[in-house]
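Reader: I am new to this structure. Please take one part and go through it closely.

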There are 2 protein chains.
Amino acid sequence: MADGFSPGGACPIPLSDYPRVSLAHGGGGRLMQQLIRRMLAPAFAGSVAEAQHDGARLPPLIGTPVMTTDSYVIRPRFFPGGDIGSLAVQGTVNDLAMCGAQPLYLTLGLILEEGLPMDELWRIVQSIHGAATAAGVQIVSGDTKVVEQGQADGIYINTAGMGAVPEGLRVHPDRVAPGDRILVSGDIGRHGIAVLSQREQLGFETTLASDCAALHTLVQALLTAAPDTHCLRDCTRGGLGAALIEIGEAAAMELHVEEGGVPVSPPVSAACELLGLEPLFVACEGRLVAFVPEVQAEAALAALRAHPLGEGATAIGHVAPPTAHGARVVMHSPYGTSRLLDLPSGEQLPRIC
Amino acid sequence: MADGFSPGGACPIPLSDYPRVSLAHGGGGRLMQQLIRRMLAPAFAGSVAEAQHDGARLPPLIGTPVMTTDSYVIRPRFFPGGDIGSLAVQGTVNDLAMCGAQPLYLTLGLILEEGLPMDELWRIVQSIHGAATAAGVQIVSGDTKVVEQGQADGIYINTAGMGAVPEGLRVHPDRVAPGDRILVSGDIGRHGIAVLSQREQLGFETTLASDCAALHTLVQALLTAAPDTHCLRDCTRGGLGAALIEIGEAAAMELHVEEGGVPVSPPVSAACELLGLEPLFVACEGRLVAFVPEVQAEAALAALRAHPLGEGATAIGHVAPPTAHGARVVMHSPYGTSRLLDLPSGEQLPRIC
């Protein structure tokens, strides 16, 4: 049924006839069929999914099934280092990886705005294809809706992910224990600042690229070197700070973090100062925080640093038993003072993912 | 972590403080945490999913895993017979059921518009809870985004579904064979007309309710009576007409349908006449079409009619081998004439699901 797919090729929908997405492209009629058959189905063909059906039959899963979902509403949809398509694949792949799962399958829900340039949709579809191929996941089921002009800001994407955790492995906040070392895989906040600078035309002299990346191979390397890793979390919305607070609360532990040890690149640091942002709470899309028993911490750090996505990995703190104050995150400054980390209550950076 | 959930209870977010959803409710900070902990997590607690983690670990699946996704952008979000929340559960449950799968798990992606009344969100969450409980599926993973006022028309919802097909069962368009009887489970078009009349304030004298419903128990009854059922499809976007055309093309068969035999209720018929709509292409959300070998067709029809959701089931046609014209759907009128059914090329009814 589906024509061939050539990444980098011309848009398979004739742009002279359909320069923009119209409501009829989501209406269940001939135009929707054309969009699916010419653009979407070929891009995601060759998968285990059976075409022309409401759902995809999958091969038996080996290991513990894991399921996750994320919607992506990032603005702008193209940014230095990625776009909403690659991000929608990598973000959900990362959620699976943080459970210790091998990412296997994604579903793809597109909500398109009437008037979205057809060639932008084509670029995004190619980007989804490329990111999924690179991450070794298959897009097994999809859905396309079109809403009226003025809504959906061009495109929103939902991906749900399915993966499998090898037998015996359990990576979870409730495993975090006193003595665990807290490792971060690289400098933080690049994604948030890259998106913000693009959006607000801040005109920074250097173009900072987002850190967005699929982290499953980094996680594999880490788990090979430190198989007793207790917990993993990607530092997305809310940044490293929110990840630390959430894990501390879920584990009911007190976390101690050396603030001077948290890696922040000079451009991110400068931009945060200019904008009054706290780097700890600026989103990353290619950084993780790991909680590893002390005995395996050195091996874990070496494994992270040996991987291209973890070159800047650093130990930033450790876990202590909870005090009478309950779960909390204590930040220690280089000057010997300390403060408690608290979630920001307002809106820091909307539409960052 | 999560407070208790009381369906029908007061909104767990204090409306005096937060009468409407704000951008900060999706910002990764304290307000988002509150929304998740007080409203969303309790509503979907008690599931197999582990809380406080990026993904949900699931029990081993027995049978062939099936995965599907759908986004829901219906306007208005409350309509006679349902709302966007119940629809988002039932629609995806139905996609799983049409594969012959037992629906098991859903993920839930919410895209909220800044300014959405908090109590409307609460009503929708309760509705999701109720529909999922009734259908016996668990919400295992969720995500919430908030976009600026003027976008997302209040709320968009994505659900992805996971189910399992019993061993030996395969319900698929490529099994459709000459001689198959074509059955429809009830009168068509109620959902589309109910939504449209609500939206356009058409002021029909009678309030027509949507047919939306979870069809998995109807499918179970059908498959028990007619275990060799070849193909199933719910008649959603594009209605019965699009379902017939798509299955005909996927199966490469010629379908013959007695137009006079297709059940259409008087109010739907009258509304379609008034609006210039073709009932065959008006969406249902609680009707299916089944392709059953002739030898099991009578048992299938009896099983459908014995179920509350299939009381109006009817045989409407049969499958013939393809001719030189290829796959097509031939509609036979009561007057002995015939015509070919073709997908509408324009937009019939946007935002119907």
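Author: Start with helix α8 (residues 294–305) of chain A. Helix α8 lies across β8, β11 and β12 of chain A. The helix runs at about 5 degrees to β8(A). Some terms first. Helices (H or I, at least four residues) and strands (E, at least two) are DSSP runs, numbered from the N terminus. Contact means heavy atoms within 4.5 Å. Axes are lines fitted to C-alpha atoms, for helices over the stretch in contact; angles run from 0 to 180 degrees between N-to-C directions.

This is a predicted model, where local features need pLDDT of at least 70, side-chain atom pairs count only at pLDDT 80 or more, and totals for chains, interfaces and linings use all residues. Residues are numbered from 1 along each chain as its sequence is written, chains are lettered from A and ligands numbered from 1 in the order in which they are written, and side-chain values use heavy atoms, with hydrogens and water left out.

Now the sheet. It is open and has 7 strands, in the order β9-β11-β8-β12-β10-β13-β14 (chain A), with mixed pairing. Two strands pair if DSSP finds at least two bridges between them. At the edges are β9 (231–234) and β14 (338–340) of chain A, each pairing on one side only. Neighbouring strands are turned by 25 degrees against each other on average, direction ignored.

Look at β8 (residues 181–184) and β12 (residues 314–320) of chain A. They run antiparallel, joined by 4 bridges. Arg181(A) has His318(A) in β12(A) as its bridge partner.

Helix α6 (residues 239–251) of chain A also packs on the sheet.
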